[in-house]
Amino acid sequence: MMKLGLLTAILDTYSFEKVAKTASEMGFKCLEVACWPGGKAERRYAGVCHIDCERICADDDYTQQILDCAKKYNLTISSLAFYPNTLDPDLEKRNSNITHLKSVIKASSKLGIGMVSTFIGRDQTKNVDENIRLFSQIWPDIIAFAEASNVKVAIENCPMLFGKDQWPGGQNLMCTPAIFRQLFSIIPSKNFGLNFDPSHYVWQRLDYIKTISEFKDRIFHVHFKDIKLYADKLADCGILAYPLEYMSPKIPGLGDVDWSAFVSALNDIHYNGYAVIEVEDKAFEGSEEDILSSIRLAKKYLNQYVD
């Protein structure tokens, strides 16, 4: 059976213990824990640190505190989450992101989690072929490091293309089945797979059911997030507009993902891993209670399909 959980980034002001207590009281079974390094966030829903991975790598007492806290609230940590741009054209940023990603991998190994969820990244000024060549130079070493640490790396399929800051190409290469095939061919490792989110397929007009079937052995982790596509806005601005001009992220049940079909397809491949709610719905960001309400509503909706 799938295990329903929560990505902690939306509770950015909470401590890890407060996140765990809140999630446990809501009936969640697992947490995908945000693990950005310290410092100013470069974008919304990033920069959150509920587990300090550098400290995990160096401090056994802190490691035990995290494990004890998860046990106290009867929660499993599904993955450590860090979604940077490891192909950033700024070499200082690129190297910093790769260094921290390796710390997250080491921390996941030390905590006995065995999973990290992340992005490939992309140089948004280069075309797909150029970025694939860059991937082939940078990512074999990262996956080899993960293999040595007995950690699976689950790449979320978000294009990271929303507005003018990510134009023209977006900031995450691994976003379509055609690209999945090429990257998996370059790195066939069993430790390299997907953190699959159907919402990103809605506005790209891709088939998430077919992807589940084709890449069933590569789906390590799942995100439950929705997107609403506004047909009237799309008809006005067209597909070459910034995507946020014609769509918006929503909590599950308030967008256009067919959740019955999606969960059914996961059941068809006997997926019994982690399925984690990701909240990025601006309609529920007026207050802390609005955010908590969005989590409760999303869970209530998804409990039709996942216990």
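Axes are lines fitted to C-alpha atoms, for helices over the stretch in contact, and angles run from 0 to 180 degrees between N-to-C directions. Helices (H or I, at least four residues) and strands (E, at least two) are DSSP runs, numbered from the N terminus. The model is predicted, so that local features need pLDDT of at least 70 and side-chain atom pairs count only at pLDDT 80 or more, whereas totals for chains, interfaces and linings use all residues. Residues are numbered from 1 along each chain as its sequence is written, and side-chain values use heavy atoms, with hydrogens and water left out.

Eight strands form a closed barrel in the order β1-β2-β3-β4-β5-β6-β7-β10, with parallel pairing; two strands pair if DSSP finds at least two bridges between them. Direction ignored, neighbouring strands of this sheet are turned by 30° against each other on average. Helix α4 packs on the sheet and touches β3, β4 (115-118) and β5 (152-156), contact meaning heavy atoms within 4.5 Å. The direction of α4 makes about 150° with that of β4.

L31 of β2 stands opposite I77 in β3, and L6 stands opposite L31. Five of the five residues of β2 are buried, where buried denotes under 20% relative accessible area, exposed over 50% and partly exposed in between (1.4 Å probe, protein chains only). C30, E32 and A34 point one way from the strand, while L31 and V33 point the other way.

Residue A154 lies in strand β5 and counts as buried because its relative accessibility is 0%. A154 and M115 are 39 residues apart in sequence, yet their C-alpha atoms are 7.2 Å apart in space. Neighbours within four places in sequence left aside, the contacts of A154 include M115, V116, S117, T118 and G193.

Two packed helices are described by the angle between their axes and the distance between the axes. The axes of α4 (residues 91-110) and α5 (residues 128-148) come within 10 Å and cross at roughly 25°. The two helices, α4 and α5, are therefore roughly parallel to each other; angles under 35 degrees count as roughly parallel, over 145 as roughly antiparallel, 65 to 115 as roughly perpendicular and the rest as oblique. In this contact R94, I98, L101, K102, I105 and K106 of α4 meet L134, I138, W139, D141, I142, F145 and A146 of α5. The contacting residues divide into nine nonpolar, no polar and four charged, with Ala, Val, Leu, Ile, Met, Phe, Trp, Tyr, Cys and Pro taken as nonpolar, Asp, Glu, Lys and Arg as charged, and the others, Gly among them, as polar.

Helix α5 also packs with helix α6 (residues 177-186), at an angle of about 25° and with the axes 10 Å apart. Accordingly, α5 and α6 are roughly parallel to each other. V128, I132, F135 and S136 in α5 meet I179, Q182, L183 and I186 in α6. These residues comprise six nonpolar, two polar and no charged.

Y246 is found in the loop between α9 (231-237) and β9 (247-250). Y246 is buried, with a relative accessible area of 3%. Its C-alpha atom is separated by 5.1 Å from that of L234, twelve residues apart along the chain.
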